Amino acid sequence: MPLKKDSLSLSSSAISYLAGLVRIPGDKSISHRSLMLPALASGTSIISGLLEGEDVLATAAAMRLMGAEIEKLDSGDWRVKGVGLGHLKSPDQTLEMGNSGTSTRLLMGLVASHPIRATFDGDASLRKRPMSRVSDPLRDIGAKIESSSGEKLPLTITGCENPKPLDYTPPMASAQVKSAILFAGLNTDGTTIVREKTSTRDHSERMLMALGADIEVEQGDDGSRVITLTGKTPLKATDITVPGDISSAAFPLVAAAMTAGSDITLVGVGLNPLRTGIIDALKALGADITVDNMHEAGGEPVGDIRVKGSKLRGIDGLEVEPSTMIDEFPVFFCAAAIAKGTTRLTGLHELRVKESDRLAVMAQGLRANGVEVEEFEDGLIITGCGDSQGNGKVPGGATVETHLDHRIAMSFLVLGMMAEKPIALDDARAFHTSFPTFVELMNGLGGDIK
């Protein structure tokens, strides 16, 4: 397969084991919010542990264009001087969001309730992702949204002077949709209500509380949640510590779990209960995982995760809410691929509309590397390569097309660590969006990525 212009060719080869103690880069979801929300506050906030991946840097650039002062300090921390609620300005150029769907959808919410105009654009991958799930409710608030690409980027939003508060029930479980509506509600008179049928990651609610927003959360016994926000309440600057990203931690977690003799500890990882499905899912396969040193940082639960190599076995179904690990399924599929027996996973429609169609792309890449996979509308059946002793390696040897999806790229580099022949990527540039130190960290633990 010919390489794309300016592509980054990487391959991963079999290893003996992984060992060591490392700190995972900052949580991407929290990093985005720690730039957006303090930018609406009065005063100066200091952000520690910010993820400096391309997605987060795109958020920083967009907030600067809308008036916030954001700079990196010599200490490595970041300083955000807010403009105050209601004082965002129209950017004088297009907001280039790169590959970041989170940045785009959340910022659409901010713009919608301010009397400003902004145009959003992104890379080829982001231009394929649907924005109607956010643009439809934002139109109900009063924003005008124009797109010549069927509710996809590029699109232009003209916010309104007198936005209407919404009482909204998202049709799908989506933290991005919820957050966009809540962010629009910040500069809206009255009460904005979001009713979730299934709880999604609550980083926005936690940070809004820390910044002094008038917000209440009611948790139902059935997993539903009702979030109520009273708008026009000034936000107060506050310092924020960003914990390690559980989504990034998933890659060394899976790599260690599926390689016999491995023993690694990941320090200071965010363990928000609405994000930790990957730990429960790996345990269901038989992974040896323990969590220690639980504490709180910046309103978020944090701890250290230790994982040892295990003999993994397939499972029929997963008793884990998909929204708690939606970004971790690609690498989880790799764990299933080296397990003994068959793993059947359903209810994963959302993977069709991520940075790529992750069900189709993962199925294609696994098959190319010798794994038997059956793909259907909302899931996969993966026949693992593990033997009767629970030890398994995939044949490998293929070059995987990543579709510029960072999680696809990193997942197959993890799988290459348990492959008979190296697994290569057509283009690995995308991992810089969320985990720029991925290769260095994995090789430091004992990986062989070249």
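## Basis

This is a predicted model, in which local features need pLDDT of at least 70, side-chain atom pairs count only at pLDDT 80 or more, and totals for chains, interfaces and linings use all residues. Residues are numbered from 1 along each chain as its sequence is written, and side-chain values use heavy atoms, without hydrogens and water.

Helices (H or I, at least four residues) and strands (E, at least two) are DSSP runs, numbered from the N terminus. Buried means under 20% relative accessible area, exposed over 50%, and partly exposed in between (1.4 Å probe, protein chains only).

## Backbone geometry

Most residues other than glycine have a negative phi, and most peptide bonds are trans. The bond between L153 and P154 is cis, with omega about 0°. P154 sits in the loop between β8 (144–147) and β9 (155–158).

K232 is not a glycine, yet its phi is positive, about 65°. K232 belongs to the loop between β13 (225–230) and β14 (240–241). Its relative accessibility is 41%, so K232 counts as partly exposed. L404 also has a positive phi, near 55°. This residue lies in the loop between β22 (399–400) and α11 (406–415). L404 is partly exposed, at 26% relative accessible area.

## Aromatic pairs

Rings of Phe, Tyr and Trp (its six-membered ring) pair if their centres lie within 6.5 Å; planes under 30 degrees apart count as stacked, over 60 as edge-to-face and the rest as tilted. The count by this rule is five aromatic pairs. One of them joins F329 and F332, edge-to-face, at 6.5 Å centre to centre and 85° between the planes. Both residues lie in helix α9 (residues 329–338), three residues apart, about one turn of the helix. F329 and F332 are both buried.

F329 also pairs with F333: the centres are 6.1 Å apart and the planes stand at 40°, so this pair is tilted. F329 and F333 are four residues apart in α9, about one turn of the helix. Both are buried. Elsewhere, F251, F431, F435 and F438 make up one aromatic cluster.

## Nonpolar cores

A nonpolar core is a set of buried Ala, Val, Leu, Ile, Met, Phe, Trp, Tyr and Cys residues joined through side-chain atoms within 4.5 Å. The largest has 78 residues, and F332, F333, L366 and F438 touch the most other members. Contact means heavy atoms within 4.5 Å. Leaving out residues up to four places away in sequence, L366 touches F333, A337, V371, V373, I382, F412 and L415. A second, separate core holds 64 residues, among them M63, I70, A112 and L235.

## Helices α1 and α2

Helix α1 (residues 28–39) packs with helix α2 (residues 54–65) at about 10°, with the axes 9 Å apart. Axes are lines fitted to C-alpha atoms, for helices over the stretch in contact, and angles run from 0 to 180 degrees between N-to-C directions. The two helices are therefore roughly parallel (angles under 35 degrees).

From α1, K28, S31, H32, L35, M36 and A39 meet D55, V56, T59, A60 and M63 of α2. These residues divide into six nonpolar, three polar and two charged. Here Ala, Val, Leu, Ile, Met, Phe, Trp, Tyr, Cys and Pro count as nonpolar, Asp, Glu, Lys and Arg as charged, and the others, Gly among them, as polar.

## A buried loop residue

T188 lies in the loop between α5 (175–185) and β11 (191–196). T188 is buried, at 1% relative accessible area. Beyond its neighbours within four places in sequence, T188 contacts S113, P163, K164, P165, G231 and K232.

Terms used: Parallel < 35°, antiparallel > 145°, perpendicular 65-115°, else oblique.
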